[in-house]
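Please read it alongside the sequence and the coordinates.

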Amino acid sequence: MDLNRLPLGRPSGGPAGGAASVDPHAEVPSTGDAAINILIVDDEPKNLTVLETVLDDPAYRLVRAESADQALLALLVEEFALLILDIRMPGVTGFELAQMIKQRKKTSRVPIIFLTAYYNEDQHVLEGYGTGAVDYLLKPVAPAVLRSKVAIFAELYKKQRELELANRALLDEVSSRRRAEEQLRKLNDTLEQHVFERTASLRLSEERLRAIYDGTSEYMGLLTPDGTLCEANRSALEFAGSQLEDVVGFPFWEGVWFKFTPGASDVVRQAIALAASGQQVRFETPMTTPSGETKTFDVSFRPIRDERGKVIFIVPTALDITERKHADDHIRGLIKEVNHRSKNILSVVQAIARQTAATSPEEFVPRFSERVRALAASHDLIFQRQWQGVEISELLRAHLALFKDLLDRRILIEGPPFRLSVPAAQLIGMILHELATNASKYGALSDQVGRVKIEWGVDRIDGRFTMIWVECGGPPVLPPTRRGFGSNVIKSMAELSLDGQVELDFAPSGLIWRLACPLIKVYDKGEIRVGGEQG
Amino acid sequence: MTTRVLLVEDEVLVALDIAQQIAEAGFEVIGPATSVAKAVALIAERGCDLAVLDVNLGHETAEPIAERLRARGTPFVVLTAIRPSSCRLVSTEPQSCRNPHFRLFYWPPCSSLA
């Protein structure tokens with residue numbers, strides 16, 4: 001090493017100024033501005049000192065190593081921009097060290113400057129490397145050349161560091177950007193999910209409202225305050241036989257709904273004007289449907305306001321109340337009928353009372369009570385059959401209830417199924433009561449052996465109804481001494497009511513009562529066919 | 001010659017009862033008739049000097065009978081359970097104020113015919 005070739009006057013921080021001994025705990029500089037680490041390896045400390053002197057620069061931090069071992073140790077703990085390596089060293093030579101360094105992945109790219117003597121054949125070996133990362137200098141080292149080479153490598157390292165930093169920053173940016181994008185994507189997904197869910201729930205609620213709107217039997221729509229139709233539900237469209245698009249956008253009163261009812265259009269127009277002014281309109285009206293039926297509707301025009309109270313829509317609805325109306329009329333009719341019937345019944349009861357009092361004053365209370373009870377029994381039956389007529393056998397059993405132990409034994413009933421009309425059931429009920437009462441007092445049912453046979457039949461060809469009550473086996477019959485209420489009922493009343501003939505025969509063997517009358521007077525209209533076929 | 005009274009009443013028991021009362025009061029009873037057709041036939045066949053009419057006869061009213069009687073100049077008594085306002089026969093009777101033969105009875109309660 002030739003100290004003379006060192007430039008004079010160059011400021012120097014002293015032999016050890018810029019150098020540091022190997023310290024495994026030294027911090028690795030991480031920025032491009034920090035001093036650049038250079039590892040100098042020589043077995044001769046003097047040479048190291050010369051290098052330190054030549055390369056004394058605050059930009060460099062020189063690390064000394066006097067053996068291959070020290071050099072490897074330093075390389076383990078620190079990162080170096082450059083190695084300046086003496087070839088001739090005892091033990092491990094510079095070449096061998098360089099090889100080890102090149103094999104280590106972490107240090108394989110660290111540039112190496114070998115120091116070698118001019119005369120030495122090492123030069124050939126060096127040329128054999130032939131790579132940009134390896135250079136060589138001949139000893140004695142010319143300080144300017146060394147500085148220049150080192151500066152180039154330092155600059156290269158620095159650039160590389162900067163590039164790495166820039167690259168890292170770029171990578172950071174890319175990854176943070178990617179993270180941001182990922183977050184954005186997630187946010188977007190969540191948002192989409194929310195939108196999807198919200199849409200689904202809106203659709204569900206819309207479907208439900210639709211179902212109510214279209215499912216109701218009420219006719220519904222939606223109008224703007226000037227009466228233009230915006231919506232009409234399925235019932236309303238089916239009523240008109242129209243599609244929504246055919247009616248939307250037109251004045252409601254021009255709709256098919258009102259075409260068949262004279263004047264309806266004007267009424268609707270007035271109702272819309274009232275509703276638009278904020279009034280609730282409701283009325284009942286008959287209307288003719290497109291199919292020509294006249295029906296009664298409960299019609300309503302209801303104004304819908306916004307939060308400031310302005311009418312923004314009108315909801316017209318109409319409900320077909322025809323059947324309810326009929327039911328109302330029916331009930332009104334029934335009430336009238338009940339009133340009439342109850343007065344009628346009172347008249348009948350009054351007549352029974354008067355007749356009973358006139359013909360059997362001595363036992364008025366029991367006879368009157370029995371007759372009223374018989375009347376009540378008929379009424380119960382008629383009521384149970386909802387005024388639809390009474391089966392004759394049921395009527396018989398009701399009025400012979402007192403003798404039910406004798407039924408089918410001493411009292412025989414025979415005839416086809418036959419339903420009596422309500423007035424006929426009332427009358428025949430009274431007749432049966434009088435006949436039974438008479439039989440139990442004087443006739444076949446007044447002893448233990450007498451028998452009664454009751455038969456009825458229908459002659460389809462003549463259209464006649466016949467009924468017969470025959471008593472036999474009882475005590476001998478004596479004709480009555482006077483005509484009482486009972487005989488009035490079983491003869492005059494029956495003849496008068498049924499336009500028929502009654503034969504009453506007080507034969508000694510037993511009473512015979514025979515009725516013949518037009519079928520039309522006794523049958524319940526619904527059942528003529530059954531009775532006629534079997535009679 | 002006894003006065004002949006036409007009785008029109010569709011409730012047979014009531015009709016028999018009234019007929020008995022009319023007879024007991026010393027009149028001759030024509031009928032009782034339970035329908036318009038029967039009453040009209042009886043007027044044509046046998047005539048009458050006076051009539052007692054029930055208003056509602058099942059599904060018809062005694063109005064056509066009243067018209068016949070008016071045309072013949074025969075006085076009649078209306079016997080009804082319904083209110084006069086809803087009884088056309090009564091409310092449209094033109095002679096109701098002047099005709100001394102016209103009287104209105106409510107039934108029930110029963111009014112004496114004697």
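Contact here means heavy atoms within 4.5 Å. By that criterion, and leaving aside neighbours within four places in sequence, A:Met467 is in contact with residues including A:Ile392, A:Leu396, A:Ile428, A:Leu432, A:Trp513 and A:Leu515. The model is predicted: local features need pLDDT of at least 70, side-chain atom pairs count only at pLDDT 80 or more, and totals for chains, interfaces and linings use all residues. Residues are numbered from 1 along each chain as its sequence is written, chains are lettered from A and ligands numbered from 1 in the order written, and side-chain values use heavy atoms, without hydrogens or water.

**Cores**

- A nonpolar core is a set of buried Ala, Val, Leu, Ile, Met, Phe, Trp, Tyr and Cys residues joined through side-chain atoms within 4.5 Å; buried means under 20% relative accessible area (1.4 Å probe, protein chains only).
- The largest nonpolar core has 68 residues, and A:Met467 is among those with the most contacts inside it, as are A:Leu400 and A:Trp469.
- Helix α12 (residues 422-441) of chain A gives the most to this core, 11 residues; helices are DSSP runs (H or I, at least four residues), strands likewise (E, at least two), numbered from the N terminus.
- A second, separate core of 26 residues includes A:Trp257 and A:Val311.

**Sheet**

- Five strands of chain A form an open sheet in the order β8-β7-β11-β10-β9, with antiparallel pairing; two strands pair if DSSP finds at least two bridges between them.
- Since β8 (229-232) and β9 (281-288) of chain A each have a single partner strand, one side of each is left without a neighbour in the sheet.
- Strands β7 (residues 219-223) and β11 (residues 311-320) of chain A are joined by 3 bridges, and A:Tyr219 stands opposite A:Ala318 in β11(A).

Notes. Buried means under 20% relative accessible area, exposed over 50%, partly exposed in between (1.4 Å probe, protein chains only).
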